[in-house]
Amino acid sequence: MAQGTLLWVDDEIELLRPHIIFLEKKEYEVVTATNGQDAIDLCQEQNFDLIFLDENMPGLTGLETLQRIKEVNPTVPTVMVTKSEEENIMDQAIGAKIADYLIKPVNPNQILLTLKRHLHKRAIETDQTNSSYQQNFGNISMQINDARNLDDWKEVYKKLVFWELELAETDSPMKEMIQMQKSDANQEFAKFIMKNYIDWLNDPDHRPIMSPDIFKKVIFPLLNAGEQVYLVVFDNFRYDQWRVISQQLADDFTFDENLYVSILPTATQYARNSIFAGLMPNQIATMFPELWVDEDEEEGKNLNEAPLIQTQLDRYRRSETFSYSKLNHSAETEKLVNQFRQLSTKQLNVIVVNFIDMLSHARTESTMVRELASDEIAYRSITSSWFRHSPVSELFHALANTNAKIVITTDHGSIRVNNPTKIIGDKNTNTNLRYKLGKNLSYNAKDLFVLKNPKMAFLPAPNLSTSYVFAKGDTFFAYPNNYNYYVSYYRNTFQHGGISMEEMLIPLVTLTSKRKR
């Protein structure tokens, strides 16, 4: 079976006969033409996998031929082969979207490398990535088993995301294996969280950075150093999504990248309010009852964020001026970009971007969106495409022209759920699929992290008998009534509120512009 069908166009084709014989021995089928018009006719008659095209030919030039071939087959990769080293010829060829540019005389290895790069790249990358991941599989498994502290778990998660992203770019059958390894890691991670979580909450001076610590440990030190700070909070933002967006920011910024721990529940009402108040949820409810919204209240759960920021500034006796903006759609973002100069008068600017959370909910509720974001790879792709084409990218272009420090973070991540577990509660039980609070809850405890005493986790307790239960790994809650329908509807959706690396180990990145300083 041929490695591929090539068209080589050159008015001195007989001089290239040794190269053609070399390619035929490598099992390529090579069709030749001595002028541009014949090449165009051949392209109309059959499909080629790649075209080698001489620039300097009588009649139609290589560039003219290229333009005509692109009209016939716009996707075929074309390699310009020429004696000319003139820069304007190179510029025109690149502008015409050639695949590669070779200077005569070419040797067989150059030709072979070009073919591997443009015809066999994905297969070669798949083989190499498969081999590399297989070699690392055992080491990652050992890291999972040996993880003893949060830094160990951060490294495990970063490594799993690295290989997940590497394998996603290939046709590798190992994609299922990385998901299984991540599932195993999440089981062990849940044990780690259950063992350490309450101790962390009771030792704020020595614990890892958690939701209520963001301002105290990250934002305030930057302000103390005289920096203007932009805190950009992407709601429901996973580390893998940060990795794909970071590629679009790399030309403009350097990154100081970290992960921090979201509090439980990993849900906006709790985690984001905790960030802005610098307090745990029951502390907010006690100290600022007018700013806390209970689960059973109809009011929006995140309407008091600017006042909560002010309470934190006041509590630490800070006098910085700040702005707060919430971006739910493109028009609001465009307005903020147009008014960007006004932000430069503030020492702290907090910007909440809600698109990713809206995408997650839309994916649950819309069959069409679920098809578009069928798995993690597609979910990342949509996130990346949205960022590239949204006014939010314009906002970051504007930020790149400032001397400010930009801190990108989130309140929590999300996980694709597949494993239902039954739960029974009364009519006042909350609707979230990854955590429940209420009285007289009935459940299988082995699937869950159970908190009988919410005060231990600094969580509000509407009733004396209120308890919280958190799903682990890819588990989600389902009620016995209409169970099969419920499970089929919510299985394979992205949810948050429980315990997993994806939900709890989340980006905390400081950006510095490359253009300024």
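**Exercise 1. Name the residues that line the largest cavity, and then describe its size and lining.**

Solution. The lining of the largest cavity consists of Q269, Y270, W292, D294, E295, L437, P460, P462 and Y468. A cavity is a set of points on a 1 Å grid over the protein atoms alone where a 1.4 Å probe fits but cannot get out, and lining residues have an atom within 4 Å of a point. The model is a predicted one, in which local features need pLDDT of at least 70 and side-chain atom pairs count only at pLDDT 80 or more, while totals for chains, interfaces and linings use all residues. Residues are numbered from 1 along each chain as its sequence is written, and side-chain values use heavy atoms, with hydrogens and water left out.

Turning to size, the largest cavity holds about 40 Å³ of space, a volume being the space filled by probe spheres set on grid points that are joined across faces, edges and corners. The structure has one cavity of 30 Å³ or more. Sorted by class, the lining of the largest cavity comprises six nonpolar, one polar and two charged residues (Ala, Val, Leu, Ile, Met, Phe, Trp, Tyr, Cys and Pro are nonpolar, Asp, Glu, Lys and Arg charged, and the others, Gly among them, polar).

**Exercise 2. Describe the largest pocket, from its volume to the elements that build its lining.**

Solution. Begin with the volume, which for the largest pocket is about 710 Å³; a pocket is an open set of points with protein on both sides within 12 Å along at least five of seven lines. Its lining is made of 25 residues, and those nearest the centre of the pocket are A267, H361, T431, N432 and H496.

Next, look for the elements that give two or more residues to this lining: helix 11 (268-277), helix 16 (355-365), strand 13 (435-438), helix 20 (483-490) and strand 18 (494-495). Helices (H or I, at least four residues) and strands (E, at least two) are DSSP runs numbered from the N terminus. Helix 16 provides the largest share of the lining, with six residues. By class, the lining of the largest pocket divides into eight nonpolar, twelve polar and five charged residues.

**Exercise 3. Work out how helix 16 is oriented against helix 18, and which residues meet.**

Solution. Helix 16 packs against helix 18 (residues 376-389) at an angle of about 140°, and their axes are 11 Å apart. Axes are lines fitted to C-alpha atoms over the stretch in contact, with angles from 0 to 180 degrees between N-to-C directions. Helix 16 is therefore oblique to helix 18 (under 35 degrees is roughly parallel, over 145 roughly antiparallel, 65 to 115 roughly perpendicular, and the rest oblique).

In helix 16 the residues F355, I356, L359 and S360 meet Y379, I382, T383 and W386 of helix 18, where contact means heavy atoms within 4.5 Å. These residues divide into six nonpolar, two polar and no charged.

**Exercise 4. Locate the cis peptide bonds from K104 to P105 and between L264 and P265.**

Solution. The bond from K104 to P105 is cis, with omega near 0°, and P105 lies in the loop between strand 5 (100-103) and helix 5. L264 and P265 are joined by a cis peptide bond with omega about -5°, and P265 sits in the loop between strand 7 (253-261) and helix 11.
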